[in-house]
Amino acid sequence: EAAAYCHRVATAVGFASLAVWGTKKPLDAPETVHAARACGIAFQWTNILRDVLEDYRQGRIYLPMDELAHFGLDESRFGLLLDREHRTDDRERCQSREFEEKFERLLLQQISRCEMYYQSAKAMEDLLERDGRRIFQWMYGAYHRLYRKIAVRPLRVLDGRVRLSLLDKCSIALLGR
């Protein structure tokens, strides 16, 4: 399951950050553990969504295979993600459109799930000491804004890595969101 993968690769860093930033409650308090885990999963899931095309080009797919299958997608058809603008015949364009429709439905499911983790991760703000809270707000702001860019137009991930603009970054630095 993708959430378990995200937990394994990301939440250890989150828990280590909590120790550095300082928390108002013990690190092993249930609400701290829950929020930190949700934060790590939300951030990692955003990375997975952002990097779909780049990861595929490097021979990796981090989306859940069982969910790909549920939407009628499989690893062999991921080649349809590449060179979208170079489709030469109607059959290729039709296959590509069909794939993109299925892929968008899969992405929407992932986005919906990811949003639940962001909502739970927001609780971190109240659990952190003042200095750590500011760093968390910057990180949360950057990742959540990146996530929202993907959520507004999911298939943009097929155009390459989704990035924040300089204006987005400045806004996050000033406002924390």
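Helix α2 is mostly covered, with 16 of its 21 residues buried, where buried stands for under 20% relative accessible area, exposed for over 50% and partly exposed for anything in between (1.4 Å probe, protein chains only). The helix takes in residues 30-50 and reaches 30 Å from its first C-alpha to its last, close to the 30 Å expected at 1.5 Å a residue; the expected span is 1.5 Å times one less than the number of residues. The model is a predicted one, so local features need pLDDT of at least 70 and side-chain atom pairs count only at pLDDT 80 or more, while totals for chains, interfaces and linings use all residues. Residues are numbered from 1 along each chain as its sequence is written, and side-chain values use heavy atoms, with hydrogens and water left out.

As for the fold as a whole, the chain has eight helices and zero strands, and its elements run α-α-α-α-α-α-α-α from the N terminus on. Helices (H or I, at least four residues) and strands (E, at least two) are DSSP runs, numbered from the N terminus. Of the 177 residues, 46% count as buried. Among contacts (heavy atoms within 4.5 Å) with a separation of 6 or more, 70% come from residues 24 or more positions apart. The chain exposes about 9700 Å², and carbon and sulfur atoms supply 53% of that area, as worked out by the Shrake-Rupley method with a 1.4 Å probe; for residues, only the protein chains shown count as cover.

Now for the inside. A nonpolar core is a set of buried Ala, Val, Leu, Ile, Met, Phe, Trp, Tyr and Cys residues joined through side-chain atoms within 4.5 Å. The largest one holds 43 residues, of which Leu63, Phe103, Met124 and Val157 touch the most other members. At least two residues of this core come from each of α1 (2-21), α2, α3 (52-57), α5 (90-121), α6 (124-127) and α7 (130-152). Helix α2 gives the largest share, ten residues.

The rings come next. Rings of Phe, Tyr and Trp (its six-membered ring) pair if their centres lie within 6.5 Å; planes under 30 degrees apart count as stacked, over 60 as edge-to-face and the rest as tilted. By that rule there are seven aromatic pairs. Trp45 and Tyr117 are stacked, at 6.0 Å centre to centre with 25 degrees between the planes. This pair ties together distant parts of the chain, with Trp45 in α2 and Tyr117 in α5, 72 residues apart, and both residues are buried. Phe99 and Phe103 stack too, at 5.6 Å and 15 degrees. These two sit four residues apart in α5, about one turn of the helix. Phe99 is buried at a relative accessible area of 0%, and Phe103 counts as buried at 0% as well. One aromatic cluster is made up of Phe43, Tyr118, Phe136, Tyr140, Tyr143 and Tyr147.

On the cysteine side, the count of disulfides (pairs of cysteine sulfur atoms within 2.5 Å) comes to zero. Cys39 is buried at 10% relative accessible area, whereas Cys170 is partly exposed at 38%.

Helix α8 (residues 166-175) is where Leu174 is found. Leu174 is exposed, with a relative accessible area of 68%. Its C-alpha is separated by 8.9 Å from that of Trp138, 36 residues away along the chain.
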